[in-house]
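Dear colleague,

I am passing on the structure below, together with notes on what came out of going through it. Please read the notes with the coordinates open beside them.

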Amino acid sequence: MVDPVAEKVIATLASVKRIPAETITLETNLQEMGIDSLDVFSLLFELENAFKISIPDDDVRSIKTVNDIVEGVKKLLAAAPPDTSVGSASPAN
Amino acid sequence: MARRVVITGLGIVSALGLDVAENWKALCEGRSGIGPLQGVDGSRVGLKVQNAAQVRGFDPLKHFEGGKDAHLDRFAQFSVVAARDAVRDSGIALTPELREECAIVCGSAVGGQSAIEAGFEDLWVNGRGRVHPLTIPKTMANAGASHIAMDLGLSGPAYTISTACSSANHAMGQAFRIVRDGLAQIAVTGGAEAFFTVGMLKAWEAMRVISPDTCRPFSKDRKGMILGEGGAMLIFEPLEAAKARGARIYAEICGFGMTADAHHLTQPTVEGPARAMSGALREAGLAPEDIGYINAHGTGTPGNDPVESRAIRKVFGAHADKIGVSSTKSMHGHALGAAGALEAVATVLALRNGILPPTANFTERDPECDLDYIPNQSREAQVSAALSNSFAFGGLNAVVAFRATPR
């Protein structure tokens, strides 16, 4: 995997679901892998901390695959400087 | 028509072990689970609490798959694991009909403290602009009951009672009446607590009720309580149903008494606890002379133990000298809203096995405490009935009465 954003999203997802990152691809459907709404919220929280972005509620509803998340994160990174409300803390561990 | 209600399943996670057998062995040996506080770094704020009765070796990943462990605060994890064990122990077949008729009544004093404290630390210490999205559903006191319902597919009446240190006894008292009166066919009931966070420990420290070394209930040199954590769940079902399916019956739950002191936030009265004990006896149809064992509230504080002893004397008169009275908090610590459930397990096993667990760490008789506290060594005694006391801050008293297995 060469795309650092995709790599980070997949690593975060793997950590939330406690599964190996190798089992996840960009095409993986979140619902099919047993991700429920609480898992999505946890995932978004970790991604917001990791990328220092703020993901709007409206963007969340259209997420279906891992790639949807990766594209959404990239759009937010391109559109705005890092979200200062995240503070000076280090990215989520 | 009121039904007799029996206990047919037990599940427990405490400082004494991760299952019923380990807990009972420690209780019989008078072995304390109290040790140096681990995993809580209070050095930054000068935390003085040094010893605690912590659950050790509990691995959430062994019990929850696919990241579900992160959906539950530690207290809710204890709730679910204890409930699963209790259902398994009961051997009951949960048919779709029975699942709809199964009540869940849980006690917890403070709910998911680790979750809320981590959230506040993110906000105010780490300077983050957001807290974890599961902070609310992990913190809510009913998370234990809710997760038991979801995990086991039980869809009858389910709720949590929060009355500080009496929570689990209030919960079991309610569950008893629900099954007795036919509002449900079966109940999963008990309590769970896990609150070893820096903030909570500092708050307890400020109350000046924590012992610097260990917990010595009723002993003259007692210096306070030792905080504990854990969870225990019991299966209540009607006697007839248990007999019909050939279930192992641990004991009968036969009475419940509850009162308020209406007096003081932290200072107990003699009358409030005495009336709760009398109420439990009355509902059970027991005479004071029927009681052979009392699992005392017995926190090990200077304030509780003499007052509880006088309350027992007031209810039982001369018979009080013939009752074995022990505080198992000397071994599993004071687990707040789970305390009554841990102690119910100890009490019903005492009735079933004919062994009364001791008051550990007892060194010296106190003239203010003049009962038989079963010091340090368990005692073989087949008693026919027992009480288990819980008295909460805020003056809320809850006492449960148990009878040895009906023959």
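**Aromatic pairs in chain B**

Phe218(B) is buried, since its relative accessible area is 0% (buried means under 20% relative accessible area, exposed over 50% and partly exposed in between, with a 1.4 Å probe and protein chains only). Before going further, please note that this is a predicted model, in which local features need pLDDT of at least 70 and side-chain atom pairs count only at pLDDT 80 or more, whereas totals for chains, interfaces and linings use all residues. Residues are numbered from 1 along each chain as its sequence is written, chains are lettered from A and ligands numbered from 1 in the order in which they are written, and side-chain values use heavy atoms, with hydrogens and water left out.

Over all chains there are six aromatic pairs, where rings of Phe, Tyr and Trp (its six-membered ring) pair if their centres lie within 6.5 Å, and planes under 30 degrees apart count as stacked, over 60 as edge-to-face and the rest as tilted. The rings of Phe120(B) and Trp124(B) are stacked, because their centres are 4.9 Å apart and their planes are at 25 degrees. Both residues of this pair, Phe120(B) and Trp124(B), belong to helix H4 (residues 113-125) of chain B, where they are four residues apart, about one turn of the helix; helices (H or I, at least four residues) and strands (E, at least two) are DSSP runs, numbered from the N terminus. Phe120(B) counts as partly exposed at 39% relative accessibility, while Trp124(B), at 66%, counts as exposed.

Phe218(B) and Tyr373(B) also form a stacked pair, with ring centres 4.2 Å apart and planes at 10 degrees. This pair links distant parts of the chain, 155 residues apart: Phe218(B) is in the loop between helix H8 (198-206) and E7 of chain B, and Tyr373(B) is in the loop between strand E11 (355-356) and strand E12 (379-380) of chain B. Tyr373(B) is buried, with a relative accessible area of 1%, and ring pairs join Phe218(B), Phe362(B) and Tyr373(B) into a cluster.

Two charges also sit over rings (NZ of Lys or CZ of Arg within 6 Å of the ring centre and within 35 degrees of the ring normal). The charged end of Arg84(B) is over the ring of Phe64(B), 5.0 Å from its centre, and Arg180(B) lies over the face of Phe176(B), at 5.3 Å from the ring centre.

**Nonpolar cores**

A nonpolar core is here a set of buried Ala, Val, Leu, Ile, Met, Phe, Trp, Tyr and Cys residues joined through side-chain atoms within 4.5 Å. The largest such core has 51 residues, of which Ile7(B), Leu10(B), Leu234(B), Phe236(B), Ile253(B) and Phe402(B) touch the most other members. Among the elements of chain B that give two or more residues to this core are strand E1 (5-14), strand E7 (230-238), helix H13 (339-353) and strand E14 (396-404), and the largest share, nine residues, comes from H13(B). A second, separate core of 32 residues includes Phe64(B), Leu72(B), Ala82(B) and Cys102(B).

Lys329(B) is in helix H12 (residues 329-332) of chain B and counts as buried at 0% relative accessibility. Its side chain makes a polar contact with the side chain of Glu343(B) at 2.9 Å, a polar contact being a pair of N or O atoms within 3.5 Å, of which, within protein, one must be able to donate a hydrogen and the other to accept it, with residues adjacent in sequence counting only if both atoms are side-chain atoms. Leaving aside neighbours within four places in sequence, the residues in contact (heavy atoms within 4.5 Å) with Lys329(B) include Ile34(B), Cys215(B), His297(B) and His334(B).

Lys314(B), in helix H11 (residues 304-316) of chain B, is by contrast exposed, with a relative accessible area of 53%.

The structure holds zero disulfides over all chains, a disulfide being a pair of cysteine sulfur atoms within 2.5 Å. For Cys215(B), the nearest cysteine sulfur, that of Cys165(B), is 12 Å away, and Cys215(B) counts as buried at 1% relative accessibility.

**Chain A**

Chain A has four helices and zero strands, and buried residues make up 43% of its 93 residues.

With best regards
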